[in-house]
Amino acid sequence: MPDTIVYLFFAVIGYLSGSVMYSQLLPSLFKHVNIAEISDDGNPGAGNVFKNIGPSFGMICLLCDIFKGAIPVAFCLHYLSFEHPLFALVLAAPVLGHARKGKAIAVSFGVLIGLLPFHAMVLYLAASFLFFSLPIRINPHAWRVITAFLCFIAAVYIRVPIQALRLGALLMTITVVAKHGIYIKSVHEKIRVDFGWSLGWLRRRQ
C-alpha cells in the first residue's frame, strides 16, 4: 500500500509538471507574445516558438518541455522500481498533462530520457523520427509524428519485456496519436511520402 501511494504521488507530480506550458508561458512573460495566437496551428509548443520568435528562445522552451517530463520520472526511479505496474502511470502522466493544450512530442522525449540509464527506449523514438524525416520523409508533420510513434510502440513491444514500460509507452503513444489525429481531422490533411536520401542517390546514379 505505501508503494502504491508513492507511485500515485509521482504520477500526480508528473501530470502537474506536464501541464505547465512553458512554450506559452515564457514567450508571454518575456516577449509579451501569445504563441498560440500567432501560430498557424494554434499549438503552444516549442516548434512554434522556434518559428515565430527565434532559435535561442525556442531552445529554452524546448529544454523546459523536455525536463518537465524527465525530472518526475528520474526522481521516481531514484526511489522506486520501473517494474511496478503503476510506473506506467508515472511515464504517461507528464504526456497526459501536456496534451491538454499541446501536442506532447518534446515532453514524450523527456519522459523517455528520464528513464536513462536504466533503459534506452528514447533511442527507439529518436530512430523512428529520424527514419521518417530523412530517408523516408512523411508530410505533413502530424502524419510523421503518428507514424513515428506507431513504429516506436511496435519496437517497444518487440524489444522491451517489462510490462510497466510497455503499458506506459502505449499510454503515451495513444495520447500523442489521438492528439495529432484530431488535428489532421480538423484541417483535412492527407499523408504524403517522399524518398529523401534514397531518391537523391538514384538521381546521382543516373
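The following legends describe close-up views of a predicted model.

Local features are reported at pLDDT of at least 70 and side-chain atom pairs at pLDDT 80 or more, whereas totals for chains, interfaces and linings use all residues. Residues are numbered from 1 along each chain as its sequence is written, and side-chain values use heavy atoms, with hydrogens and water left out.

**View 1**
The largest pocket has a volume of about 680 Å³. A pocket is here an open set of points on a 1 Å grid over the protein atoms alone, where a 1.4 Å probe fits, with protein on both sides within 12 Å along at least five of seven lines; lining residues have an atom within 4 Å of a point. The volume is the space filled by probe spheres set on the points, which are joined across faces, edges and corners. The lining comprises 28 residues, of which N43, G47, K103, I105 and H141 are the closest to the pocket centre. By class, 13 lining residues are nonpolar, eight are polar and seven are charged. In this scheme Ala, Val, Leu, Ile, Met, Phe, Trp, Tyr, Cys and Pro are nonpolar, Asp, Glu, Lys and Arg are charged, and the others, Gly among them, are polar.

At least two lining residues are supplied by each of α4 (46-52), α5 (55-79), α7 (105-113), α9 (141-159) and α10 (163-187). The largest share, five residues, comes from α4. Helices (H or I, at least four residues) and strands (E, at least two) are DSSP runs numbered from the N terminus.

Helices α5 and α7 pack at an angle of about 40 degrees, with their axes 7 Å apart. Axes are lines fitted to C-alpha atoms, for helices over the stretch in contact, and angles run from 0 to 180 degrees between N-to-C directions. The two helices α5 and α7 are therefore oblique to each other. Angles under 35 degrees count as roughly parallel, over 145 as roughly antiparallel, 65 to 115 as roughly perpendicular and the rest as oblique. The axes of α6 (residues 87-98) and α7 come within 9 Å and cross at roughly 165 degrees, which makes α6 roughly antiparallel to α7. The crossing of α5 and α7 is right-handed, and so is that of α6 and α7. A crossing is right-handed if the near helix is turned clockwise from the far one by less than a right angle, and left-handed if anticlockwise.

**View 1. The α9 and α10 pair.**
With axes 9 Å apart, α9 and α10 pack at an angle of about 165 degrees. The helices α9 and α10 are therefore roughly antiparallel to each other. Their crossing is left-handed.

Most peptide bonds are trans. A cis bond joins L116 and P117, with omega about 0 degrees; P117 belongs to the loop between α7 and α8. A cis bond also joins N139 and P140, where omega is about -5 degrees. P140 is placed in the loop between β1 (136-139) and α9.

Most residues other than glycine have a negative phi. H32 has a positive phi near 55 degrees and lies in the loop between α2 (22-31) and α3 (35-38). With 71% relative accessibility, H32 is exposed. The phi of A104 is also positive, near 70 degrees, and A104 is found in the loop between α6 and α7. A104 has a relative accessible area of 3% and is buried. Buried means under 20% relative accessible area, exposed over 50%, and partly exposed in between (1.4 Å probe, protein chains only).

P44 lies in the loop between α3 and α4 and is buried, at 4% relative accessibility. P44 and M21 are 23 residues apart in sequence and 7.2 Å apart in space, C-alpha to C-alpha. F131 is part of helix α8 (residues 122-131) and is partly exposed, with a relative accessible area of 38%. Between F131 and L170 the separation is 39 residues in sequence and 20 Å in space, C-alpha to C-alpha.
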